[in-house]
Amino acid sequence: MGLLRIMMPPKLQLLAVVAFAVAMLFLENQIQKLEESRSKLERAIARHEVREIEQRHTMDGPRQDAALDEEEDMVIIYNRVPKTASTSFTNIAYDLCAKNKYHVLHINTTKNNPVMSLQDQVRFVKNITSWKEMKPGFYHGHVSYLDFAKFGVKRKPVYINVIRDPIERLVSYYYFLRFGDDYRPGLRRRKQGDKKTFDECVAEGGSDCAPEKLWLQIPFFCGHSSECWNVGSRWAMDQAKYNLVNEYFLVGVTEELEDFIMLLEAALPRFFRGATELYRTVGKKSHLRKTTEKKLPTKQTIAKLQQSDVWKMENEFYEFALEQFQFIRAHAVREKDGDLYILAQNFFYEKIYPKSN
């Protein structure tokens, strides 16, 4: 006796497929609504925390401007470039803020847009300079450099940043959009489901791995001028170099993050006291955020990207930043038995006149 086959009529099969598709669309819509609700809740919680801090300061009595010395009035801005170990470094700041008595605030822009509107620039500058309850403060977010001097500010914030080899940064970002990382493994990413490797993407001329996608670190340092975001602009690169040297206190590289943290602790202990030891004992294991499913590109893929003018400019900027960082480090530390040690104060005052009686 043959097997009995039960076949669905074609119309029923079509209806089943349509019903499944509608159900999937409904589920995706519900997931999107949940994500929006989560974002609103996070913003509400953040506003509540800010009000609580302001109320505590009000109960403690008004703070006199004259009583704020330079360290207590300091604001640091870390305008993080995506996928440069920025989360790893920021977590160090969060771990130290209670102990070292400063505030940490995340600058959360809509859709991670690094360019602020003119009115938001004014609001941001006003917040940074006049929000005494949040001083000393450490602000971080994916925002391009903003020149506070053009707004008439007398005391500008201290800018710091970290950059990375441009191709390594792009590869990390490519896989991050598809597979996320071990920091928030359950979060659905924008390109989730796309299994194409970075090598395959480059070979096929895909948009997510195009040389133009390398153009990010230069505009982040260049700022809010339109030319900064003109891919391949020589003016933008020159401006980024100028800002790095003249407007940034220190710029490190992802590949030498521990040395960057060590220099910050030596120069700005008000914020970073204990950072080096924390990174060495805990940070390397718990803070380093690793992109999931990342596959290193082949030599052929790297060679193809390196033919582009955009890579040549981004790499020139990276090499420039690396040279600046290594120069600063060479004059701030000494090496002994393979370890680096911060140099003690190497200047003093003499021949002081007039002489006291």
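What does the accessible surface of the protein come to, and what percentage of it belongs to carbon and sulfur atoms?

1. **Surface and basis.** The accessible surface comes to about 22,100 Å², and 55% of that belongs to carbon and sulfur atoms. Accessible areas come from the Shrake-Rupley method with a 1.4 Å probe; for residues, only the protein chains shown count as cover. This is a predicted model: local features need pLDDT of at least 70, side-chain atom pairs count only at pLDDT 80 or more, and totals for chains, interfaces and linings use all residues. Residues are numbered from 1 along each chain as its sequence is written, and side-chain values use heavy atoms, with hydrogens and water left out.

2. **Overall make-up.** The protein has 12 helices and 7 strands. Helices (H or I, at least four residues) and strands (E, at least two) are DSSP runs, numbered from the N terminus. Of the 357 residues, 40% count as buried. Buried means under 20% relative accessible area, exposed means over 50%, and partly exposed is in between (1.4 Å probe, protein chains only). Now take contacts, meaning heavy atoms within 4.5 Å. Among contacts with a separation of 6 or more, 74% are between residues 24 or more positions apart.

3. **A nonpolar patch.** Phe20, Met24, Phe26 and Leu27 form a nonpolar patch on the surface. Together they have about 430 Å² of accessible area. Patches are made of residues with over 30% relative accessible area and no salt bridge; like charges are joined within 9 Å, and nonpolar side chains (Val, Leu, Ile, Met, Phe, Trp, Tyr) within 5 Å. A salt bridge is a side-chain nitrogen of Lys or Arg within 4 Å of a carboxyl oxygen of Asp or Glu. Leu27 belongs to helix α1 (residues 10–59). Its relative accessible area is 45%, so Leu27 is partly exposed.

4. **Helix α7.** Which residues of α7 are buried? They are Ala236, Met237, Ala240, Lys241, Asn243 and Leu244. These residues cover an arc of only 165° around the axis, so they lie on the same side of α7. The arc is that of the directions from the helix axis to the C-beta atoms. An α-helix has 3.6 residues a turn, so residues three or four places apart point the same way. The buried residues of α7 pack against α6 (217–222), β5 (248–253) and α12 (309–330).

5. **Length of α7.** Helix α7 (residues 234–246) has 13 residues, and at 1.5 Å a residue it should span 18 Å. The expected span is 1.5 Å times one less than the number of residues. The end C-alpha atoms are 18 Å apart, which agrees.

6. **Leu340.** Leu340 is in strand β7 (residues 339–342). It counts as partly exposed because its relative accessibility is 22%. Leu340 and Asp259 are 81 residues apart in sequence, yet 8.3 Å apart in space, C-alpha to C-alpha. Leaving aside neighbours within four places in sequence, Leu340 is in contact with residues including Asp259, Met262 and Arg280.

7. **Backbone points to check.** Most residues other than glycine have a negative phi, and most peptide bonds are trans. The bond from Lys135 to Pro136 is cis, with omega near -10°. Pro136 is in the loop between α3 (118–130) and β3 (137–140). A cis bond also joins Tyr353 and Pro354, with omega about -5°. Ala85 has a positive phi near 70°. Asn112 has a positive phi of about 55°, and this residue lies in the loop between β2 (103–106) and α3.
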